[in-house]
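User: Please go through this structure with me. I will ask what each label rests on.

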Amino acid sequence: MSIRVQPDLRNELIKYGIGDWNACYHCGTCTAMCPLSEEGFLFPRKKIRLMQMGLKGPIESSVEPWLCYYCGDCTKTCPRDANPGELMMSLRRYLTSLYDWTGLSKKFYTSETWELGFILFFASLVVITFLFILPSFGIKFDTTLTAQGGVRVNSFAPIGIIEPFDWSMAFVVASLLISNIFRMYYKIIWKNSTTKVSLWVHIREFWLLIFNFAVQPKFSKCDDKKYWLSHWFLMSGYTIMFIVIVVFLKWFQTEEILPFYDPQRLLGYYATFGLLFGLGFAIIGRIIHKDIKFKFSHVSDWLFLAMLTGTVVTGILIHIFRINGMPMATYFSYIAHMAILVPMILIEVPFSKWSHLAYRPFAAYFHQLKKHAVPK
Amino acid sequence: MKNTEQTGVFLYKHPELIPDPLDYNELYSYLKGVANVSNIWSYNDFPWNEENIIKKIETHNLNRLIIAGMMAGTVKTLFSKVMAMTGKDPDNVTIVSFNDYGLSLTNDMDRAKALLACAVSDIPFEIVAIADDSPVNPATLVIGGGIAGIQASLEIANGNSLVYLVEKTGTIGGKMATFDKTFPTLDCAACILTPKMVEVNQNPNIRLMSYCEVIEVNGTPGNFNVVVRQKARKVNVATCIGCGTCAEKCPAQAPSEFDAGTTMRKAIYIPFPQAVPNKYLIDAESCIYIKNGKCKACVKACPVPDCINLDEQDQDITINVGNIIVATGYKPFEASRMEQFGYGKFKNVLNSLEFERLLNASGPTGGNIQYRSQDKKGNWIFNNESGKPEKIAIIHCVGSRDKNYNKYCSRVCCMYSLKFSHLVLEKLPEAEVFEYFIDMRAFGKGYEEFYERIKEEGVSMIRGKTAKVEEKGGKLLLRGEDILQGTLIANYVDMVVLSIGLEPGEDNLKLSKMLGIPVTECGWFEEANYNVDPTGTFRGGISMAGACQGPKDIPDSVAQGSAAAARVIQSILRGKVSNGLSTISLSAVESRIKELTLIQ
């Protein structure tokens, strides 16, 4: 079997992150330091070697980058300042762009113009829809209040319109993600010509997907648990929000002001807290610049944090303005909320940083499949 | 005369060198005014990529480039490549690397200018820089009584010249005296060294000044006035008979420096039985009388009247010498700085100097490899009652080749680690020994053969430095990646030896200022020329030898000791000593350049 070598692989990879990876002299400290590296799935050093040799094929088919949760221990102890932790991060960005068949992911990661252009395009589309298109269909900025003194938000953004829109957006994003996951599966498991995995193993190990999605057990094995905890709050908050917005919008977006202890409000408050906690941890970390995990920030990292924060803040504003009976403020917060949310979902989830919500659990699943692979 | 119109000068500032001691604006105006160069780019316009250089070459029609700055050599390939790309001669790139001429001291602007003037006129600095001579005092000062200093002293003294050998500790011998065997010949270190030490003591031309420190150096090359502080030894060297009755009675204890802290010694002590001079001294820090004013047990026990004087004070002695040889050696890396290896936390993690003593037949256990244990007073020491380890791991490159600590290779650790493996197997044939290494640097004569021999002896060589040492169930757990096998290994061992690297001596900076010789960015003394004058310095009359110039093994240190002695003997025979590069003035260089260009 011949192996194709791509000598400029490093020049391509360096667009996805920062690191003097050629400095590595292969002492193995990083692999030995890593609590997640295990027999048969050794990283980061082996990945650095592949990168140095320009072996795109083996990199493409490796699952290891997704098994790393970037605690930064490897970078901290690296005797050559070769930054192995950031290489793993860059590989995840690179792999995301390889899984994506549309080619947009690569554009977003390597060109800020493309990414910002897309965001602005969708944001203005949302604004135009609310300001001009919907009013032309007779939907008005209703300034009268409900009997409780709340804003009539459903007359401004009727669930009958928003909900189908949510579903169609979810459909587009999901089909992109699922097709990319099939490509990921093809590259990691299917393409491997020397081993095969039985159907039974596929079925038996499937529970890992859900388990990994829900609690990220691998992440919790990193020596520093605070990253896992803050990520878990962020993840759980976001998942709850996503479910209530897409699936239970009818129940969540009400005009009636429910008592404080109502599950609808409690769930919303928990999700907001989880999101703010996780976001605050990451943003402060990236500003202070002290933890290795947050030391090197790619544009995509900041953009993701900024958009998610924008979404959360405008969401909080909608809530406050609505229950205090401030119609115009509510409506403009709603428009801003959607103008940030829509491009964020459309860009981040299938093409950028957020796609890890699918790739990570699937990688944990594929990792298990690879372990049970038998020679052909 | 070179056409300066087609010459482009780029002032380079190395991005990692902070602070840079040079004033680049001053160099810029010097080039503009005196050297008559019109195409100069200061460091903030430095072209970092090919495109910018090509643009500059083409717009100004340059056919000769000069890159001047600290460590300017790092960008030479880039410029040569661009010259070739634009169809010009890639050899027409001149590098003026200031630090190669010892410009790490701040007052060297004149030398920087002189170097630039030479580069612009395309005349080698070495041709115009000829220093004047001064008459020389035939006496020599050697600072440091390790193997390099001993060798240099003996060479000079055997040539019938006077040598003052100043040693900081109570005995000469240095680090080599603590070693058991030398590599790769496995000779007994003490059997080679102690006769030399005795020879130093007996040579009438050597004034041995032990327990002394150089505190001031004045004067000029050929005629230095050196103030040496004789630290209060509190024991009269002339009358002490070395009987040891005092130490028997002394109630105070301290860890033995010579045994690398693996045993306890008394406050009045002799560093080791073969010490030269073989006389006792008192360590003021642990002596009870000096701390509390009560005790005097040693004075009562001493059979020689007035030999011990506990109230003795430090004394300054001035000596006149013509030449100085610096041979101050190195400082071992402090292993506890690398917390991941658990030195100082786990009792059976040893540094290499401790292990060296443990292996030594004259060491704390008489050469038996034993666990570390606690004595009655709670001190961690080695004795013969605590049992033998069965598995020993040796970790290479501790504190070396690591940007977080020292980025250089310490040169000796690979070889001494191999020697350890051999000695362990010699003493404990049943033991398992593991060497965790990154690259095996067996570079010298007979070294590679030694490595092959050790491998055949059954030592497990693991390519891949382990990341951390943990204690689990009374054993030490090493987790590492075996790079050649591509596997992870978790290894439980009984004892871990850390092959610590070499660091510049702690007094190097002080000496550097005192003697006016620069140190490199790592802290080693800077030689006048790495290739052809490795023992010379930029200052006339000052040479150096051994590990103070850079990490070095014993044969190299001895060779440098002789080489430095040759420089000194040469000046004594000539009766004159060169004043050194540091005395050459800018105007002298400029006028020499003028003369030479006229001849051309």
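Analyst: Chain A is divided into domain 1 (9-99) and domain 2 (104-375), bounds that come from an automatic or database domain assignment. This is a predicted model in which local features need pLDDT of at least 70 and side-chain atom pairs count only at pLDDT 80 or more, while totals for chains, interfaces and linings use all residues. Residues are numbered from 1 along each chain as its sequence is written, chains are lettered from A and ligands numbered from 1 in the order in which they are written, and side-chain values use heavy atoms, with hydrogens and water left out.

User: How many residues does each domain of chain A give to the contact, and what counts as contact?

Analyst: The centres of the two domains, taken over C-alpha atoms, are 27 Å apart. Domain 1 of chain A gives 33 residues to the contact and domain 2 of chain A gives 34 residues, where contact means heavy atoms within 4.5 Å.

User: What area do domain 1 and domain 2 of chain A bury between them?

Analyst: They bury about 3200 Å², 64% of it on carbon and sulfur atoms. Buried area is the accessible area (1.4 Å probe) that two parts lose on being put together, summed over both, so the value covers both domains. On the domain 1 side, Trp66(A), Tyr69(A) and Tyr99(A) lose the most area to domain 2, together 25% of what that side buries.

User: Why is the pair Arg93(A) and Asp301(A) called a salt bridge?

Analyst: The term asks for a side-chain nitrogen of Lys or Arg within 4 Å of a carboxyl oxygen of Asp or Glu. Arg93(A) and Asp301(A) meet at 3.0 Å, N to O, and therefore the pair qualifies. The count between the two domains of chain A is five salt bridges.

User: Which elements supply the domain 1 side of chain A?

Analyst: α5 and α6 (84-99) of chain A are the elements that give two or more residues to that side. α6(A) gives the most, with eight residues. Helices are DSSP runs (H or I, at least four residues), and numbering starts from the N terminus.

User: What makes Lys468(B) and Asp223(A) a salt bridge?

Analyst: Their closest N and O atoms are 3.6 Å apart. That value is within the 4 Å limit, so the pair is a salt bridge.

User: How is chain B divided?

Analyst: Chain B has domain 1 (4-130 + 584-599), domain 2 (140-231 + 314-329 + 505-581), domain 3 (232-313) and domain 4 (331-503). The C-alpha centres of domain 1 and domain 3 of chain B lie 59 Å apart.

User: How do you know that Cys188(B) and Cys191(B) form a disulfide?

Analyst: A disulfide is a pair of cysteine sulfur atoms within 2.5 Å. The sulfur atoms of Cys188(B) and Cys191(B) are 2.2 Å apart, so the pair meets the rule. The link is right-handed, with 85° about the S-S bond. Over all chains the count comes to one disulfide.
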